[in-house]
Amino acid sequence: MLSQEKNDELTRVGPNDRAGAVLRRYWQPAALSVELEGPRPVGPVKLLGEELVLFRDEGGQLGLIGRQCPHRGADLCYGRLEDNGLRCPFHGWHFDSTGQCVEQPGEPEGSRMHENIKTSAYPVVERNGIIFAYMGPGETPSFPALDCFAAPDSHVFAFKGLWECNWLQAMEVGIDPAHASFLHRFLEDEDPADGYGQQFRDTAANTEIPMTQLLREYPRPEIKVEETDYGMRLIALRQLNDGRTHVRVTNQIFPEAICIPMSNEMTITQWHVPVDDETCYWYSMFTSFGKPVDKEVMREQRMKEHRLPDYAPLKNARNNYGFNPDEQRTKTYTGMGLDINVHDQWAVESMGRIQDRTQEHLGKTDVGIIHYRRMLREAIKNLQNDIPDALPMSSGASVSEIRGPVSIDAIGNVNEKWEDVWRAGDRLRRQACEWDASL
Ligand code: FES
Ligand SMILES: [Fe+2]
């Protein structure tokens, strides 16, 4: 349970809010690269409560600048993409990718007024299908060498989805290893061979046991957390009846990403990015350690469930998430279909736009959530005390050496330590990898 004041502190994302200030110290996913494909690469982005416009100029350079024209406030999303920048259609003021006004064609000849007009602008970089923005002060931070960035583009598929709730409750579902046995329970198992591109449909590593069966039959994991240089490692151990242990290792990457195993071949690195206080996007990089990803199939699977242009899910509160009581009785725990994203979406949206944490009761299985909130509070305190270098993944060179993190489902023999199961499983996967995935 949190006080209202603490809940506000951890959830609000504006530039003058405490959690917002922490999030601004990190690269944030701003758009999918595919959103800028097509004849006119210009589009709106709302990030951390700020209305922005993202564009790619004729030279290929990306720009992310304030959406409202600093002259009289017209919407620059309708701007003319020309002369290596964006020109406002109202009176022709022209902006480059740094937000500098470089021309005011209607002002008197020789006017230098434009030199003093600069709109907000943020640095952007593109990595394996996602365009990231840095909205914080000072130099841009280094990028960690996570697997999703180290892999070649052919082995990474990126997608996103809109959730109508605060980013923190979305993040907290990703560090809650207990829910998979309930929320994502399938009452019958499918053939794991049909599970390409989907989570929890493979067999548990090196066994014939479908993950769906394992999660269903062993609903009481022992959960441990460990703080790491990138955030937090979560270990969920399920003791099987035959004496072996199922080991699932997932990760929290500070401040708002997770990295989890999706199948034996792929991991998911997923950010929960605030649009504003009450809305967020999940951005995922599905990274293959085996064959190149079949982007067409993976996009098609997900486009059946989302609409453009905002990637809002077709199942949502307005249609009861497709809830079907017969299905709930016979097929799935939720009665909301087989797409686990919908289950998670229902769980986090049904809490309300910002979960009222003054009314919650956390148990032992919520250890990841409890630990993460402590880390976030610590980061807030360090920023307030003006020691940004104390934030996780904050200082220069060492950040670019952060690799992995190692996310795996594996089954260990009787008496085998989870650390050994985890490392051995990961070593095998990395050795067989087509790209250089060495740690
Ligand atoms: S409002 Fe944009 S140039 Fe006038
Ligand atoms: Fe989930």
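The model is predicted, so local features need pLDDT of at least 70 and side-chain atom pairs count only at pLDDT 80 or more, whereas totals for chains, interfaces and linings use all residues. Residues are numbered from 1 along each chain as its sequence is written, and chains are lettered from A and ligands numbered from 1 in the order in which they are written. The protein has 11 helices and 22 strands, where helices (H or I, at least four residues) and strands (E, at least two) are DSSP runs numbered from the N terminus. Its radius of gyration is 23 Å, close to the 22 Å that the globule rule gives for 439 residues, so the protein is as compact as a globular protein of that length; the radius is taken over C-alpha atoms, and the rule is 2.2 Å times the number of residues to the power 0.38.

**Overall build**

- Along the principal axes, the C-alpha atoms of the protein fill a box of roughly 85 × 45 × 45 Å.
- Of the 439 residues, 42% count as buried, a residue being buried if 20 or more other C-beta atoms lie within 10 Å of its own, exposed if 12 or fewer, and partly exposed in between, with C-beta atoms placed from the backbone.
- Among the contacts with a separation of 6 or more, 58% are between residues 24 or more positions apart, and two residues are in contact if their C-beta atoms, placed from the backbone, lie within 7 Å.

**Domains**

- The protein is divided into domain 1 (28-133) and domain 2 (145-431), with bounds that come from an automatic or database domain assignment.
- The C-alpha centres of domain 1 and domain 2 lie 34 Å apart, and 11 residues of domain 1 are in contact with 16 residues of domain 2.
- On the side of domain 1 that touches domain 2, the elements giving two or more residues are β1 (28-32) and β2 (42-47), and the largest share, three residues, comes from β1.
- The residues of that side of domain 1 divide into five nonpolar, four polar and two charged; Ala, Val, Leu, Ile, Met, Phe, Trp, Tyr, Cys and Pro count as nonpolar, Asp, Glu, Lys and Arg as charged, and the others, Gly among them, as polar.

**Strand pairing**

- Four strands form an open sheet in the order β5-β6-β7-β8 with antiparallel pairing, two strands being paired if DSSP finds at least two bridges between them.
- At the edges of this sheet stand β5 (80-82) and β8 (101-103), each with a single partner strand, so one side of each is left without a neighbour in the sheet.
- Three bridges link β5 and strand β6 (residues 85-87) in the antiparallel sense, and L81 stands opposite L86 in β6.
- Six bridges link β2 and strand β3 (residues 50-56), also in the antiparallel sense, and P44 has V53 in β3 as its bridge partner.
- In the hairpin of β2 and β3, which has two residues between the strands, L48 takes a positive phi near 50 degrees.

**Nonpolar cores**

- The largest nonpolar core has 84 residues, and those with the most contacts inside it are A30, L47, L54, L64, A133 and A170; such a core is a set of buried Ala, Val, Leu, Ile, Met, Phe, Trp, Tyr and Cys residues joined through C-beta atoms within 7 Å.
- Strand β18 (residues 279-288) gives the most to this core, with six residues, and the core draws at least three residues from each of domain 1 and domain 2.
- Leaving aside neighbours within four places in sequence, L47 is in contact with Q28, A30, L52, A133, M135, V273 and V275.
- A second, separate core of 14 residues includes A180, A204, V249 and I408.

**Buried elements and A312**

- Eight of the 10 residues of helix α8 (residues 340-349) are buried, so the helix is largely enclosed by the rest of the structure, and its buried residues pack against β12 (156-163), α4 (167-174) and β20.
- In strand β16 (residues 257-261), five of its five residues are buried, with A257, C259 and P261 on one side and I258 and I260 on the other.
- Strand β16 runs antiparallel to strand β15 (residues 245-253), to which three bridges join it, and antiparallel to strand β17 (residues 266-276), to which five bridges join it.
- A312, found in strand β20 (residues 312-313), is partly exposed, with 13 other C-beta atoms within 10 Å.
- The C-alpha atoms of A312 and K160 are separated by 9.0 Å, although these residues are 152 residues apart along the chain.
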